[in-house]
Each structure stands twice: as structure tokens, then as C-alpha cells.
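Welcome! Take a look at the structure below, and then let us walk through it together.

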Amino acid sequence: MSVEGDETKQRLKADVHYTVGRLCQKVGEDYRWKFTRQAIAAIAETTFRQCDVLAKDLEAFSRHASRRTVSVEDVKLAARRSTALSIYIQNKSEEISQEKKNVKKPSGKRKSKDMEESVD
């Protein structure tokens, strides 16, 4: 990995660690739990590694399908290992599809009022 790649990876790890720390803080407040710094670091490292594995899986799935873009179907395939996650992603996918269908798209060019009057 290049120096730039190492720096990016370290920044991403730091961002994940920060986010995990904030989530643990929030959960701790909600449930009156305490997380040690070591626990937060372990959760952050596990999260980072899981994201790395997921990214590699998604890349492989899209490449296998001769695509350069990861699709929702790739995400669903990656989530198959966890029934709860798979169901959640399926429901979210359907929700997003439904929202897209409900958004009305412009139906092309509108005739100007002059055109409409001249047609009559």
C-alpha cells in the first residue's frame, strides 16, 4: 500500500474509532452502561475489519456480474450470512424502491401556451 493509502486507512480507522466511541457513549447513556477504552478500541477494530471484508465481498460480487458498480443486489448477497440483517436490507430496499416510484418525473417538454392555442 502506498504512503497515501496508509494515511487514508489511518484516517478512516480514526473516524470509525470516533464514531464507535460516540455510539458507545450514547448507548451508555441510554442503558446506563459503561465501556472501557479497550472495549471501544476492540469494537472499532472489529467494525473496521468487518467493513473491509464487506467491501472486498461487494467488489467481488459486482466483478463476478461483470459490473464496475456495486448494486443493492450485491449488498443483499453479502448480507445473507445474517438473517436479521438480510431482512432489514430487503425491507429498506423495497422502501427505497417504493419511494422512487412515488416521485413523479417530468413527462418531457411542455408545450408553450402559444403552441397549445395554435393547435386548437
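Is Glu 45 buried, partly exposed or exposed? With a relative accessible area of 26%, Glu 45 is partly exposed; buried means under 20% relative accessible area, exposed over 50%, and partly exposed in between (1.4 Å probe, protein chains only).

Before going further, note that this is a predicted model, where local features need pLDDT of at least 70 and side-chain atom pairs count only at pLDDT 80 or more, while totals for chains, interfaces and linings use all residues. Residues are numbered from 1 along each chain as its sequence is written, and side-chain values use heavy atoms, leaving out hydrogens and water.

The protein chain has 5 helices and 0 strands (DSSP runs numbered from the N terminus: H or I of at least four residues for helices, E of at least two for strands). Of its 120 residues, 14% count as buried.

Back to Glu 45: its side chain meets that of Arg 49 in a salt bridge (2.8 Å, N to O). The term means a side-chain nitrogen of Lys or Arg within 4 Å of a carboxyl oxygen of Asp or Glu. Side chains of opposite charge can pair when their charged atoms come close. Arg 49 and Glu 45 lie 4 residues apart in helix H2 (residues 37-64), so about one helical turn separates them.

Helix H2 also holds Lys 56 and Asp 52, again 4 residues apart, and these two form a salt bridge with the closest N and O atoms 3.2 Å apart. Lys 56 is exposed, at 52%, whereas Asp 52 is partly exposed, at 36%. Through shared partners, salt bridges join Lys 13, Glu 45 and Arg 49 into one network.
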